[in-house]
Amino acid sequence: MSYTDQTKRSSPASIAAVIGVHVAIAYGLISGLAMKVIRDIPIVTVGQILPDDPPPPPPRDMPVQKTTRTPQPTTLPPVRNEEVLRPQETIVPTVTTVDLGAGPTSGPVVLPVNPPKPNLSRAAVPGADRLRWITTQDYPSAALRQGISGTVVIAATIGADGKVQSCEVTQSSGSQMLDDTTCRLYARRAHFTPALDADGNAVTARRVDRFRWQIPNE
């Protein structure tokens, strides 16, 4: 074998050694370059970051001025002068007291007030047989023959004993015969319960009455 062939056929160990040398040289160069670069970097001082200025406080509310309104005077309508009705006074009867002064144990004596008396007055009341005082049987014969009829109005005075004291014709029937017969029979047959005054005493009274004379079967 020639030397040239031996040179071309280097061993793996030598190749590895060569590569290691190159790597070492490259590392040295890179490290030196890095140190130079670090030395050339300027130094920066880091300080505390200050906060921004606080915002100004909000403006205070302005006081609201209250407006005071002056009340307007109220105008009342004119008062009309009207008559005021006053309640009627109730009159209570008074009780009379009399102090007799009989002794230390005796007191005032109260006299009772007498109540008002009732009014007992009334008119004379005719008897129950009034319809029989004058009947058709009492018709005057002459008046029947002549066909006379009519109504008589009389005024009689009734005594305190209930009997007729007097009789007068206040409205004629048109026939003197019928008028006289009416008063004559009335004074004789009529009777009454007498009239009374306010105290209940029998008194004389006046009564107006009327009768109709009519021909039977007419």
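Predicted model: local features only at pLDDT ≥ 70, side-chain atom pairs only at ≥ 80, totals over all residues.
Tutor: Start with the order of elements.

Student: What is the mean pLDDT of the chain, and what share of residues reach 70 or more?

Tutor: Read pLDDT as the predictor's confidence in each residue. Here the chain averages 75. Residues at 70 or more make up 54% of the chain. Two stretches need care. Residues 1-8 have pLDDT below 50, and the model gives them 2 contacts beyond near neighbours in sequence.

Student: Why does C183 count as buried while C167 is partly exposed?

Tutor: Use the cut-off: buried means under 20% relative accessible area. C183 is at 12%, so C183 counts as buried. C167 has 22%, so C167 is partly exposed.

Student: Which residues of helix 4 are buried?

Tutor: Think about the helix geometry. An α-helix has 3.6 residues a turn, so residues three or four places apart point the same way. In helix 4, the buried residues are L178, D179, T181, T182, C183, L185 and Y186. Their cover includes helix 3, strand 4 (150-158), strand 5, strand 6 (192-193) and strand 9 (205-213).

Student: What does helix 4 span from its first C-alpha to its last?

Tutor: Compare the span with 1.5 Å a residue. Helix 4 has 14 residues and reaches 20 Å, close to the 20 Å expected.

Student: Which residues touch the most other members of the largest nonpolar core?

Tutor: In soluble globular proteins, nonpolar side chains tend to be buried together. The largest nonpolar core of this chain has 21 residues, and V164, Y186, F192 and W213 touch the most other members. Strand 4, helix 4 and strand 9 each supply at least two of its residues. Take V164. Beyond residues up to four places away in sequence, V164 touches A156, T157, I158, Y186, A187, A190 and F192.

Student: Where does D138 lie, and is D138 buried or exposed?

Tutor: D138 lies in the loop between strand 3 (125-126) and helix 3 (141-146). Its relative accessibility is 18%, so D138 counts as buried. Leaving out neighbours within four places in sequence, D138 contacts W133, T181, L185, R189 and W213.

Student: Is N119 buried or exposed?

Tutor: The cut-off for exposed is over 50%. N119 is at 58%, so N119 counts as exposed. N119 is in the loop between strand 2 (109-110) and strand 3. In sequence N119 and L196 are 77 residues apart, yet their C-alpha atoms are 9.8 Å apart.

Student: What share of contacts join residues at least 24 apart?

Tutor: Among contacts between residues at least 6 apart in sequence, that share is 66%. For the whole chain, 17% of the 218 residues count as buried. The accessible surface comes to about 19,000 Å², and 58% of that belongs to carbon and sulfur atoms.

Terms used: Residues numbered from 1 in each chain as written. Heavy atoms only, no water. pLDDT = per-residue confidence, 0-100. Contact = heavy atoms within 4.5 Å. Helix = DSSP H or I, 4+ residues; strand = E, 2+ residues; numbered from the N terminus. Buried < 20%, exposed > 50% of the residue type's maximum accessible area, 1.4 Å probe, protein only. Expected span 1.5 Å × (residues − 1). Areas by Shrake-Rupley, 256 points an atom, 1.4 Å probe, with all protein chains shown as cover. Core = buried A, V, L, I, M, F, W, Y, C linked by side-chain atoms within 4.5 Å.
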